[in-house]
Amino acid sequence: MAPAIMLRMRMKMGMGLRPLHSYLLRRPAAPLVAAAPALVGAAARGFSATPAAGAAAQRVPVQPGVVSERRGVPASLAKPSYWESGDPAPQAPYISVHDEEGVRRLAAAGRLARNMLDYACSLAKEGVSTDDIDAAVHDKIVEAGAYPTPLNYMRFPKSVCSSVNEVACHGIPDDRALRRGDIVSFDVSLYLDGYHGDNCATVIVGETEADAPLRKLSDATEEALGAAIETVRAGSCLSDIGAAIQDVADANGYTVVTHFCGHGIGTELHEAPLVFHARNAHRLELVPNMVFTIEPILAEGTGDVKVWSDGWTAVTLDGSYTAQFEHMVRVTPTGSEILTLPE
């Protein structure tokens, strides 16, 4: 889940945002021990581009549907601090540099989150509602011994974010049935063994050759994520990520939706630093064992958005379609390790 709405609320409450250079690095007390990273290159993103069969749908604006009641979780399940109150902990004034155990737990949460994301994407078929998909993924996450991170996070009512067509992000699953030609992004995150895993991917429902423009948008967004990950290594600058994404968007004629950003991740879902997806001057040198998400959203049109009265669903003002991909990335001395690759 991209943290922009949360950040705007904090600004309204007078909490403000800290400049990146003002954050301290919180390092583990013991020396870091290498955790045998699986270093990856541009060819190992791990998202499938295999289309389904069908025909493109006409562009009918998405309307709010009926949202079912919030689903429960077993009393025995380990839960994040906000699960009852809906209020996450205030953002800490430091950037975490994880120790070996923290990296191990983040990797486990990331792998499980990826498995759940692939499951969600496999269910995206004509006639299936996003609420149906939310219910199935919720059950599967709980069966795996994890808590679905979005559930009651700042009172989000569901376990998955499902963003259809012009919904840029934070779509709430409801009773609207998916249609051929819909482009839908699933953001799946979970809490396992004290740490969060978070990732997102985009699929096209019943894809045919008529959906070539949507395929181009989806592929360019995934390419932008890959280009951003290629910049990550110890000693590189955080702002290189946004520049790489912007370059791919510009080359393909798309706009970066700049209202949302990536974030540090660990025992809390949204930690410092914020990771901006367009060119910026936020200077921060990356060091080994920082872990954060990169989650660009590209739009066919201007990229400007408004939020529905539900306080979550962000839609493009011009009705243009969007796509999003997200990975959790660990900084290594010579590159990066993607923690949300498929097994």
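This note sets out numbered points on the predicted model shown above.

1. Basis of the note. The model is predicted, and local features need pLDDT of at least 70, side-chain atom pairs count only at pLDDT 80 or more, and totals for chains, interfaces and linings use all residues. Residues are numbered from 1 along each chain as its sequence is written, and side-chain values use heavy atoms, with hydrogens and water left out.

2. Overall make-up. The protein has five helices and 17 strands; these are DSSP runs (helices H or I, at least four residues; strands E, at least two), numbered from the N terminus. Of the 343 residues, 56% are buried, where buried means under 20% relative accessible area, exposed over 50%, and partly exposed in between (1.4 Å probe, protein chains only). Among contacts with a separation of 6 or more, 77% join residues 24 or more positions apart; a contact means heavy atoms within 4.5 Å.

3. Helices H2 and H3. Helix H2 (residues 100–122) packs on helix H3 (residues 130–143) at an angle of about 155°, and their axes are 10 Å apart. Axes are lines fitted to C-alpha atoms, for helices over the stretch in contact, with angles from 0 to 180 degrees between N-to-C directions. H2 is therefore roughly antiparallel to H3 (angles under 35 degrees count as roughly parallel, over 145 as roughly antiparallel, 65 to 115 as roughly perpendicular and the rest as oblique). The crossing of H2 and H3 is right-handed, a term used if the near helix is turned clockwise from the far one by less than a right angle, with left-handed for anticlockwise. Met116, Tyr119 and Ala120 of H2 meet Ile133, Ala136, Val137, Lys140 and Ile141 of H3. By class, this contact of H2 with H3 has seven nonpolar, no polar and one charged residues; Ala, Val, Leu, Ile, Met, Phe, Trp, Tyr, Cys and Pro count as nonpolar, Asp, Glu, Lys and Arg as charged, and the others, Gly among them, as polar.

4. Helices H4 and H5. Helix H4 (residues 212–230) and helix H5 (residues 239–252) also pack at about 155°, with axes 8 Å apart. This angle makes H4 roughly antiparallel to H5, and H4 passes H5 in a right-handed crossing. On H4 the contact is made by Lys216, Ala220, Glu223, Ala224, Ala227 and Ala228, and on H5 by Ile241, Ala244, Ile245, Val248 and Asn252. The residues of this contact of H4 with H5 comprise eight nonpolar, one polar and two charged.

5. Cysteines. The structure holds zero disulfides, a disulfide being a pair of cysteine sulfur atoms within 2.5 Å. For Cys200, the closest cysteine sulfur is that of Cys121, and at 8.0 Å it is too far for a bond. Cys200 is buried, at 1% relative accessible area, and Cys237 is buried at 18%.

6. Met1 belongs to the segment before helix H1 (4–12) and counts as buried at 1% relative accessibility. Met1 and Asp187 are 186 residues apart in sequence, yet their C-alpha atoms are 6.5 Å apart.

7. Backbone details to inspect. The Ala272 to Pro273 peptide bond is cis, with omega near 5°, and Pro273 lies in strand S10 (residues 271–275). Asn152, which is not a glycine, has a positive phi of about 70°; it sits in the loop between strand S3 (147–148) and strand S4 (161–164). Arg155, in the loop between S3 and S4, likewise has a positive phi, near 70°. Asn152 is buried at 6% relative accessibility, whereas Arg155 is partly exposed at 48%.
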